[in-house]
Amino acid sequence: MRRAGWAAAAVVVGWYVFALAILHPLTDAPVVDSWLYGSAVRRYLRTGEIRFAGYSQATPIAQVVYGVAWAHVFGGNSASLELSVVALAVLCGVMFHALALKCGAPRWQALAATGLLICNPCFMFLSFSFMTEIPFLTAIVAAHLAFANAEGRRAQLWLWLAAALSAIAFLIRPFGAMVIAGCVGAMILYDTRLRGMNLRDRAVWAEMLVPFGAALAICAGVWIGLTVLGPKPWEMQLNENHFRYIFRVPLANYLRAGVLGPALYLGTVLSPLAILQLTTPRWRRVVMGGAGIFAAAMLLMWMDNRMPVTPEYSCFGGWHNVLILRGQANRFSWNSDWQYAFLILASFGAAGLLAAFAGIFRTLGRSAAAILIAATIYWLATIPLWFYNDRYYLVLVPAGAIVMALAPLPRRRLVMAAGFAMTFAMGLMSLGGTYAYQRGMAAILATRNELERKGVPRSAIDAGYALNGEDLYRYPKHGIDTMKLEAGIPMITSEKVGEYTIASEPIAGMEVVERLEWPGPFGLGHRYFYLVKTPAAHDGNPPTAAPAAPQPKN
C-alpha cells in the first residue's frame, strides 16, 4: 500500500512538473475572478485586514489566509499565487489517491481515477489560477480522507480533524458544510448497523457527533458574521433578489441544465473509465442507458434552447470566451455538429457511471458513502441556485471518480492500457488549452504595457474583464467599497467601450490598430484577437458594445 502511494505521488508530481515546463513562464495576470482574491491577499499585506471587494460574491477567508502565508515567503503577485494553488492541486491529487485506496479501490483503478481528477480540463486550467475551486476541492478531499481514517483507537482524533477540515472548506465556500452532512449521514447509516448501536446510545453518538456539531457551529457563526453583522458586498446584495425568479423558470430548463447538465459533464470527463464499463457484464445497461440519455437530451434541447448549451464545457482554457474580452459572446456555445458527437460520448459516459454505481451500491463502505452523500447534497443545491457551469460541476468529479475507482473492471492489459491512454489524451488536451490561455493572456498583457509606455492612460484601455478588475478597481483605505465608487470600470460596472479595446473580434465603428496572435484551442496552430481604437472624430455618441458577461463568480 505504501509503495502504491509513493508511486501515485510520483505520477502526480511528475504531471505537474511536466505541465510547468510546458507553461513556463506563467503570465503575471489574474485568471477570471482571481483578481478579487489576489487583491484581498495584497490588501491584507498592506493594511493587516481581511476585506473583500464589494464586487465579490464569495468571501474565501481561509484561501486568503493561505495566500498571505504563501506571499510572505514567495511574494504576492499573480504568478506566485498561481503556484500556491499548483501546490494544493498536487496535494489534492495525492490525497485523492489515498482516499480511493482507503475506500477499497484496486490499485490500478485508484491510480486511473486520480488521473481523471488531475487531467480534468477544468481542474488543470484552474490549478494555474488563484480561483477558489482547487483550494476548496483540496479541503474537502482532505476532510473525507481524515473521515476514512477514523477507525480504531484514534478514531476520535481523526473525526476532529475531518470536522476541522470541513470548517476550513466552508471558509473557502459555504458548500463546505456538505462535507459535514455527508460524514454525519454516513455515520448514521453505517455505524448503527456495524457496531450494534442504536440512537438511544446517546453517549457514544454524542462523542462521535460533537466534532461535527462544533464545526457546524463555527460555520454558522462565520455565516452570521459575514451576512448579518458584517458589511455585505454590494454585488451580493444586488443578487439576493434573484431568488424570486426560481418559480418563473420552466421545468424543462431545470431538467436540462440542472439535472442532465451535470450528468453529461461527468459522463464526458469520466469517460476514460466509464466507457470501459462496456467490457463488463453490465454492457447492456450501458448501451440502453446511453441511448436513453441521448434521446432525453435531444428532447430537452428541443423543448428548451436557452443558455447554457448542452453539453456545457465552459471551463477549458482554450476557448476564446475564457479570456472574457469584448467582441464575441463570453458564454460557451456550439457552432458545429461536434456538439452531437460530444453528446453521444457524454450520454454513454453517464450511462457507464450509472451502471458502475448500480454495481457497487450494495457494497459501499462508510467512507465512500460520505463522499457520495455530500456530492448528492451539492448537486441538489446547484439546481435552484442556477450554478449551471462546469466550474461548479467540478466539485462532483471526486465522487464520480471514486465510483469509477470502485466499480470492478477486467484486469486485462488492453483494458488498463485503454483507460490510461484515454486519460492521458484528455490531460494533453487540458494542458494544451491552459497553454493557449497563458499565451493569450501574455499577449494581452504585453499590449496593455505597450500602450501605457506610449502614454495612453490605463483608464482608456479596455484589456478584458480580469485585467480591468486587477488594474482599475478602486479600494478605499478602510472598509468596503460602494457600487458608486466603482462606476465606469469597463466590463465590470460599465458597458461603455474605452478609447483602446482589446477585443476577440473587430467592433463595428472602431478602427483596427493591430491584430494579435495567440495559440489555437488545444495549444496548436494560431488564431487572433484585435486591438481596436475609437475614431478620433465620430458623429454622435461613441461606439458601445453589449457588456461581455463575466463568468459566474464563486
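What follows is a short tour, one selection at a time.

**Before you click**

This is a predicted model, in which local features need pLDDT of at least 70, side-chain atom pairs count only at pLDDT 80 or more, and totals for chains, interfaces and linings use all residues. Residues are numbered from 1 along each chain as its sequence is written, and side-chain values use heavy atoms, with hydrogens and water left out.

**Stop 1: colour by confidence**

Colour the chain by pLDDT, the predictor's confidence in each residue, from 0 to 100. The mean for the protein chain is 87, and 91% of its residues reach 70 or more. Now select 537-542: pLDDT stays under 50 there, and the model has 1 contact beyond four places in sequence for this stretch (contact means heavy atoms within 4.5 Å). Residues 546-554 also stay under 50, but for them the model has 42 such contacts.

**Stop 2**

Select the loop between α1 (2-23) and α2 (34-47), where you'll find Pro25. Helices here are DSSP runs of H or I with at least four residues, strands are runs of E with at least two, and both are numbered from the N terminus. A cis peptide bond joins His24 and Pro25, with omega about -5°. Val32 is in this loop too, and its phi is positive, about 50°, although it is not a glycine. Why point these out? Because most residues other than glycine have a negative phi, and most peptide bonds are trans.

For another cis peptide bond, select Met307 and Pro308, where omega is about 0°. Pro308 is in the loop between α14 (283-303) and α15.

**Stop 3: the sheet**

Next, show β1, β2, β4 and β3, which in that order make an open sheet of 4 strands with mixed pairing (two strands pair if DSSP finds at least two bridges between them). The edges are β1 (461-462) and β3 (511-519), each pairing on one side only.

Zoom in on β2 (500-503) and β4 (526-533), which run antiparallel and are joined by 4 bridges. Which residue in β4 is the bridge partner of Ile502? Click Leu531 and you have it.

**Stop 4: a pocket and a cavity**

On a 1 Å grid over the protein atoms alone, a cavity is a set of points where a 1.4 Å probe fits but cannot get out, a pocket is an open set with protein on both sides within 12 Å along at least five of seven lines, and lining residues have an atom within 4 Å of a point. Grid points are joined across faces, edges and corners, and a volume is the space filled by probe spheres set on the points.

The second largest pocket has a volume of about 1,000 Å³. Select Phe316, Trp319, Phe332, Phe342 and Phe522: of the 39 lining residues, these are the closest to its centre. Helix α19 returns here, giving the largest share of the lining, 5 residues.

Last, the largest cavity, of about 70 Å³. Select Ile140, His144, Met178, Ile371, Ala374, Ala375, Val395, Pro398 and Ala399 to see its lining. Helix α16 (366-385) is among the elements giving two or more residues, and gives the most, with 3.
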